[in-house]
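Hi,

Here is the structure you were after.

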Amino acid sequence: MVLNSVELALFDHGLSQEQNPRSACVAAMKFIQDRRGWVNDEAMEWLSEKLNMSLSELESVATFYSLIFRKPVGKHVILMCDSVSCWIMGSESVGDHLRRRLGIKLGQTTPDQQFTWLSIPCLGACDLAPAMMVDEILCGPLTHELIDKILDACEEADSS
Amino acid sequence: MTAATPLTAGIRPNDEPLNLAEYEALGGYQALRTVLREMTPSEVNEKVKASGLRGRGGAGFPTGMKWSFVPKRNGDSGHRYLVANGDEMEPGTFKDRLLMEGNPHQLLEGVLIAAYAMEADYGYVFIRWAYRDAFLRLRRAAEVAREAGYIGRDVLGSGFDLEFHVHVSAGRYMCGEETALLTSLQGGRANPRAKPPFPPAVGLYGRPSVVQNIETLCNLPHIIRNGASWYRGLGRTEDAGTKLYGVSGKVRNPGIYELPIGTPIREIIEEHAGGMREGLTLRGFLPGGASTRFLLPEHLDLPMDFGHVEKAGSRLGTGTMIILDDQTCPVGMVHNMEHFFAQESCGWCTPCREGLPWVEKTLGALESGGGRNGDLEVLERHCTMLGPGYTFCALAPGAMEPLGSALGYFREDFEAHIKNGKCPWR
């Protein structure tokens, strides 16, 4: 089962608000991702039938948009702005700190599946540069100290 | 309310946005009432034309004129779409986020007025995923506005219908281009298409559609309420209205400031953004996001409006400036931006798909000490071959604007990278 019965009712309700099923494909993939963390092959096959799109067409949309995850991600997703204002304000340095702290490279997930670290274009938070989003929460201006506090908070929340 | 800062007067920084009652108490939705009860769509159009409002998304197209390209209804009962472009992803740009988070009802009222003017029956706000707070606030405001009769069938008993949706995108700069945005709304990859036909004639689902920037739409309630001549009088030059200016980089107070359009650049940077941080000197700046050409300290006394910035060789763009200081490598800065453009190219046309990665790699080589004689000529050739007329949309030509101007203004820095075999700033 890709979705349980309650989720399916929500999904179908959302779909009925759209002009046609195909227009809903990004929202449909996000619906699954919001609940499962990512969109697996089984979900893609189910969606392609549900939305009356060929699997390859749906895949072409999934892989076009950078925030549709076709691979598993960690419990916490860190999206670090790599655009120009944040670069000027030292995003490379805070990125180096994050790399040391997590022990992974950009684009990777920690072995314990707790953190995935990705880059994202300009977050529209240039007044808070350098900035990142952690679990959809905007954080900045980043310093090594603030990054430590944020990661500590994630780890504490997980252990409690 | 005739504030000198109409767009931001109803915004409380770091606080919840105005709720419906608070927005109405400040005169909110009065302009919509006036429009629905007293004005025809073409009268709204004429008033906005007379106000001199030009699009705030980058291109500066006159708003009233855009609506006039939509064919008259003449018994055509098919759908027509007004799409608010909230996919703010131009690097260095963070003004529409403020408007969407800060006063969602103001945006909704703007959407309603624009939809009425172009006789649309569907309104969309296309919003990027990263603007989560803006999305949640906008969705909440729309629910409340619907309950109050401002959205849906027979708005305020006027006979005007407007269905309304917020679409959350999944992240891609290309979605900001209007034909790509419409394709994306239909569930496709955000590839652009050739124009004509232009969206006002053939747009979403093949129907007349107008795509407009968030800041542009937020101006409409104020123009209707206070009049075209009031709006024209707000500007300090021949351009009309106020503008949300932004400053980022190593200034003391980076942020967004609503000021009369045509405010001198120096005043924006020194008085509002607090000037450069201690020990740093301004070396250059991009006036309106990453896809505008660099300007220099000698341009600081220019009024920040469409005409003056263009005459200096750049564009007002989004009006959000990115400052290059004297301790930051201009080659590294351009490399960062070309990485962005290469990554965000949709791949639809060859010059952009193949050319931008080449540019990025060449700049990367300069930065890491692998620059060779002849590299600058290769970069210059790209500035021509990825320029206007060679590509489907404006992404690659936009990407060449900072590069071409940096090669002209900061030539010695590029040459030093090759000569010294390393980046002098690292």
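Some housekeeping: residues are numbered from 1 along each chain as its sequence is written, and chains are lettered from A and ligands numbered from 1 in the order in which they are written. Keep in mind that this is a predicted model, where local features need pLDDT of at least 70, side-chain atom pairs count only at pLDDT 80 or more, and totals for chains, interfaces and linings use all residues.

Domains first. The bounds come from an automatic or database domain assignment. For chain A that gives domain 1 (5-64) and domain 2 (76-159), with 29 Å between their centres, taken over C-alpha atoms. Chain B is split into domain 1 (20-233), domain 2 (242-325) and domain 3 (330-420). In chain B, the C-alpha centres of domains 2 and 3 are 23 Å apart. Nine residues of domain 2 and twelve of domain 3 make up that contact, where two residues are in contact if their C-beta atoms, placed from the backbone, lie within 7 Å. On the domain 2 side, five of the residues are nonpolar, three polar and one charged. Here Ala, Val, Leu, Ile, Met, Phe, Trp, Tyr, Cys and Pro count as nonpolar, Asp, Glu, Lys and Arg as charged, and the others, Gly among them, as polar.

Now the sheets. Helices (H or I, at least four residues) and strands (E, at least two) are DSSP runs, numbered from the N terminus, and two strands pair if DSSP finds at least two bridges between them. Chain A has an open sheet of four strands in the order S2-S1-S3-S4, with mixed pairing. Its edges are S2 (115-120) and S4 (137-139); each has a single partner strand, so one side of each lacks a neighbour in the sheet. From one strand to the next, the twist averages 25° (axes are lines fitted to C-alpha atoms, for helices over the stretch in contact, and angles run from 0 to 180 degrees between N-to-C directions). S1 (76-81) and S3 (132-134) of chain A run antiparallel and are joined by three bridges, and Ile78(A) has Val134(A) as its bridge partner in S3(A).

Chain B also has an open sheet of four strands, ordered S6-S5-S8-S7, with mixed pairing. Here S6 (255-260) and S7 (282-286) are at the edges, each with a single partner strand, so one side of each has no neighbour in the sheet. The twist averages 30° from one strand to the next. S7(B) pairs with S8 (320-325) of chain B in the antiparallel sense over four bridges. Gly284(B) is opposite Leu324(B) in S8(B), and Leu286(B) has Ile322(B) as its bridge partner there.

Is S7(B) mostly covered or mostly open? Mostly covered: four of its five residues are buried, meaning that 20 or more other C-beta atoms, placed from the backbone, lie within 10 Å of the residue's own. Helix H5 (95-102) of chain B lies across S5, S6 and S8 of chain B, at about 120° to S5(B).

Last, the contact between the chains: 37 residues come from chain B and 30 from chain A. Of the chain B elements, S5 (242-248) and H13 (330-344) each supply at least two residues, and H13(B) gives the largest share, five residues.

Cheers

Terms used:
A residue is buried if 20 or more other C-beta atoms lie within 10 Å of its own, exposed if 12 or fewer, and partly exposed in between; C-beta atoms are placed from the backbone.
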